[in-house]
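Start with the residue, then turn to the space.

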Amino acid sequence: QVQLVESGGGLVQAGGSLRLSCVVSTFSSVFGINVMAWYRQAPGKQREKVASIAADTSTNYGDSFEGRFTISRDNAKNTIYLQMERLKPEDTAIYYCAAGVNHYVRPTSWGQGTQVTVSS
């Protein structure tokens with residue numbers, strides 16, 4: 001079972017930046033993990049994909065996220081990051097780290113989430 005622990009959430013003013021981190025117990029494909037991803041869920045809304053990054057460092061972004069949000073990974077630290085810029089109040093959500101098979105299939109392992117609140 002893959003363990004994922006997010007950190008870095010908090011309260012930020014509109015226009016500000018945050019960097020989320022997710023430590024993963026293993027990046028090994030032995031566990032069927034080829035892609036790491038960030039999703040978010042705002043109150044009253046469905047969980048949506050923000051971005052994903054594969055072992056070969058290819059990335060895939062959800063609609064409207066590329067440009068302000070950047071996903072990256074540090075294999076030596078078993079960590080992925082989500083750099084968020086020019087944050088807006090509508091970015092307020094719980095952000096989840098996830099692990100899966102590829103960019104296009106819903107991940108099978110999830111972290112507990114970290115709250116991001118953007119004030120206007």
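What follows covers a strand arginine, then a cavity.

This is a predicted model: local features need pLDDT of at least 70, side-chain atom pairs count only at pLDDT 80 or more, and totals for chains, interfaces and linings use all residues. Residues are numbered from 1 along each chain as its sequence is written, and side-chain values use heavy atoms, without hydrogens or water.

Find arginine 40 in strand E4, residues 35–41. Strands (E) are DSSP runs of at least two residues, numbered from the N terminus. Arginine 40 counts as buried because its relative accessibility is 10%; buried means under 20% relative accessible area with a 1.4 Å probe, protein chains only.

Which side chain makes a polar contact with the side chain of arginine 40? It is that of tyrosine 95, at 3.0 Å. A polar contact here is a pair of N or O atoms within 3.5 Å, one able to donate a hydrogen and the other to accept it; residues adjacent in sequence count only if both atoms are side-chain atoms. Leaving out residues up to four places away in sequence, arginine 40 also touches others, including Glu48, Phe65, Glu90 and Asp91. Contact means heavy atoms within 4.5 Å.

Now the space. The whole structure holds one cavity of 30 Å³ or more. The largest cavity has a volume of about 40 Å³. A cavity is a set of points on a 1 Å grid over the protein atoms alone where a 1.4 Å probe fits but cannot get out; lining residues have an atom within 4 Å of a point. Among the lining residues are Val35, Tyr39, Lys49 and His103. E4 gives the most to this lining, with four residues.

Key. Buried < 20%, exposed > 50% of the residue type's maximum accessible area, 1.4 Å probe, protein only. 1 Å grid on protein atoms, 1.4 Å probe; cavity = no way out; pocket = protein on both sides within 12 Å on 5 of 7 lines; lining within 4 Å. Points joined across faces, edges and corners; volume = space filled by probe spheres on them.
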